[in-house]
Protein chains: 2
Amino acid sequence: MGGYENGDSPAAAAWEGGVILGVDGGTTSTVCVCLPAAMPPPEAPGSVAVLSRAIAGCSNRNSVGENAALETLEQVMMQALTMANTDRSAVVAVCLSVSGVNHPSDQQRMLDWICNLFPRNAKFYVENDAVAALASGTMGKLHGCVLIAGTGSIAYGVTEDGKVARAAGAGPVLGDWGSGYGIAAQALTAVIKSHDGRGPQTNLTRDIIRKLEISSPDELIGVWHRWAYADPSWARIAALVPVVVSAAEDGDKVANTILHDAVQELAESVVAVVRRLTLCGEDGKDQFPLVLVGGVLEGNKKWDISGEVIKCISKVFPGVCPIRPEVEPAIGAALLASSHLRKESKLQNGS
Amino acid sequence: MGGYENGDSPAAAAWEGGVILGVDGGTTSTVCVCLPAAMPPPEAPGSVAVLSRAIAGCSNRNSVGENAALETLEQVMMQALTMANTDRSAVVAVCLSVSGVNHPSDQQRMLDWICNLFPRNAKFYVENDAVAALASGTMGKLHGCVLIAGTGSIAYGVTEDGKVARAAGAGPVLGDWGSGYGIAAQALTAVIKSHDGRGPQTNLTRDIIRKLEISSPDELIGVWHRWAYADPSWARIAALVPVVVSAAEDGDKVANTILHDAVQELAESVVAVVRRLTLCGEDGKDQFPLVLVGGVLEGNKKWDISGEVIKCISKVFPGVCPIRPEVEPAIGAALLASSHLRKESKLQNGS
């Protein structure tokens, strides 16, 4: 990167209208992309011009504390600007989509902080990570519902006039059984129940024991407690999902029931959001985008979880239009900033 | 306590045949009772002669570390002996029933440690806490099943020839939905689902918000996470059970479903243990004791959880004989030591 001469480089061209930063801040990593502000609304994912992309570590304030999180965010944004051969004075808008920022007061503190880093007339947007995921599927348009099912799960919807609603996302134990964590917990429960005589036999016992490299279901509880308490790693728990999917594909009844229940939970969370926001129109038949994100919804398996979820939803709302994002959430965040910016300038121009 | 003169005091009388210690070691407190060894098998709870009772803090090695746990155990035993006006040389048997001692290697380390504290010919027994709870209901006889449903839940059974089986007890998330923790988690899930549109309306929303002194279900997730991760207090979570019971008694459908599901889970865990151990005899109709322990099973409510559990079990095994212990687990542990001792001396005498 870098090395462009002023005047004829893409970065310098972008500089003319300024640049936009989109940040996707997560617990494992933080990604910042830099886009030219002077671009038409992208028609297709391939048409997004990305000037630079920088990566840093964790920026979840709940994990590393507020100061370290803000430091990481500043650093990754400055790095992206340098890589795009420009600097903070060129920034016209930033969208921060950071996990762990849930409360309006968190959001306000973030806005107060970021406005001191960039020119006075720049625009700033702080959104939760579900909004950037939605925008990554709708290319910046804020309308529709996103279903995220990775380690955790959440359904989040937005209407064109700015109403929002969410369902699920309460984390392990409180009903997120469609998440990777939930599916894995159900599978381990099935193994324990089979072992102690409460449940039917299942191949999950053999498969999970092999995967975890333990010798008996008796050891399962210890492994689980180590994961869940001593060294919380939800991601490692959720990594059992492929074992459940394989067992279900091979015809195991218990595994099939677990996946069907997960499908039901995920579909119900979307239906609840769509209904509350009337995303489907008054007659329930309008089209609306449903963006599908996260490891549980990756559709390259014979047992197609996302396909089944869509089937369930379309029985209630036939207008559901499933979208799998082709760009990453950081670009979603940048497109969101860009679309906010266009809307605001239209309002100013009275058009 | 104390102040007895040697020769004519109960303690001195007990001294003649030696004393037995029963210890119930838990996460919140540790209780040690001292009983005379020379006593007939007790016929009724009232007939147990307790020489002394001492209390100390936590002796769960997983909470305070092994050294602190052992120190607490030694201290509480010595205190009980002093209170009974005797000393360690009088001890003929000790039964330690300590939570957190699950693995045979933990048990062996405990035995290696305790045999250095007391006379060489004394007998030592290390059991898990479920065994002492069973013995507290059967007055020391090791036969039958115990169902514990407090914060956690477990069913544990023993046959007269020493076979054991357990079901449930895997802790939160892994299927212990009949525990106090499980019932509370289901109630919070119902409130969240009702709030985000996935579930029916329920009075639990009003009741739980009032109990937790929060203003909206949106705050629930934060409260839960604080409880479950930042400051794990399963007991505080389980304290929501009375709220669920009241709502169910007032006719709330959701609360009733949660309690019926919990009853089902608890009954299934007992049925699994009884079946594996054939406690009900070959024809399934033999009588067997079922000891019921823990806050969830306290039977003074209109909505009688333990009554419903017994009803469920007796449909499968009509010979179930429910017992509510009238003595505490520490006495159960002491009675257990006493009954082991009688068995061993019978074997030695060839009778």
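How exposed is B:Asn85? Point 6 has the answer; a few notes come before it.

1. Ground rules. This is a predicted model, so local features need pLDDT of at least 70 and side-chain atom pairs count only at pLDDT 80 or more, while totals for chains, interfaces and linings use all residues. Residues are numbered from 1 along each chain as its sequence is written, chains are lettered from A and ligands numbered from 1 in the order in which they are written, and side-chain values use heavy atoms, with hydrogens and water left out.

2. The core. The largest nonpolar core has 130 residues, and A:Leu204, A:Ile305, B:Leu204 and B:Ile305 touch the most other members. A core here is a set of buried Ala, Val, Leu, Ile, Met, Phe, Trp, Tyr and Cys residues joined through side-chain atoms within 4.5 Å. Beyond its neighbours within four places in sequence, A:Ile305 contacts (heavy atoms within 4.5 Å) A:Val245, A:Leu259, A:Val263, A:Leu266, A:Val296 and A:Leu297.

3. The interface. Between chain A and chain B, about 2,500 Å² is buried, 61% of it from carbon and sulfur atoms. Buried area is the accessible area (1.4 Å probe) that two parts lose on being put together, summed over both. A:Val173, A:Leu174 and A:Arg198 supply 28% of what chain A buries against chain B, more than any other three residues. In residues, 30 of chain A are in contact with 29 of chain B.

4. Two salt bridges (a side-chain nitrogen of Lys or Arg within 4 Å of a carboxyl oxygen of Asp or Glu) are counted between chain A and chain B. B:Glu265 pairs with A:Lys193 in a salt bridge, the closest N and O atoms being 3.1 Å apart. On the side of chain A that touches chain B, H6(A) gives the most, with eight residues.

5. A:Ser194. This residue sits in helix H6 of chain A; helices are DSSP runs of H or I, at least four residues, and strands are runs of E, at least two, numbered from the N terminus. A:Ser194 is buried, at 18% relative accessible area. Not counting residues up to four places away in sequence, A:Ser194 touches A:Gly199, A:Pro200, A:Gln201, A:Thr202 and A:Thr205.

6. B:Asn85 is partly exposed, at 26% relative accessibility; buried means under 20% relative accessible area, exposed over 50%, partly exposed in between (1.4 Å probe, protein chains only). B:Asn85 lies in the loop between helix H3 (66–83) and strand S4 (91–98) of chain B, with phi near 65 degrees. B:Thr278, not a glycine either, has a positive phi of about 50 degrees.
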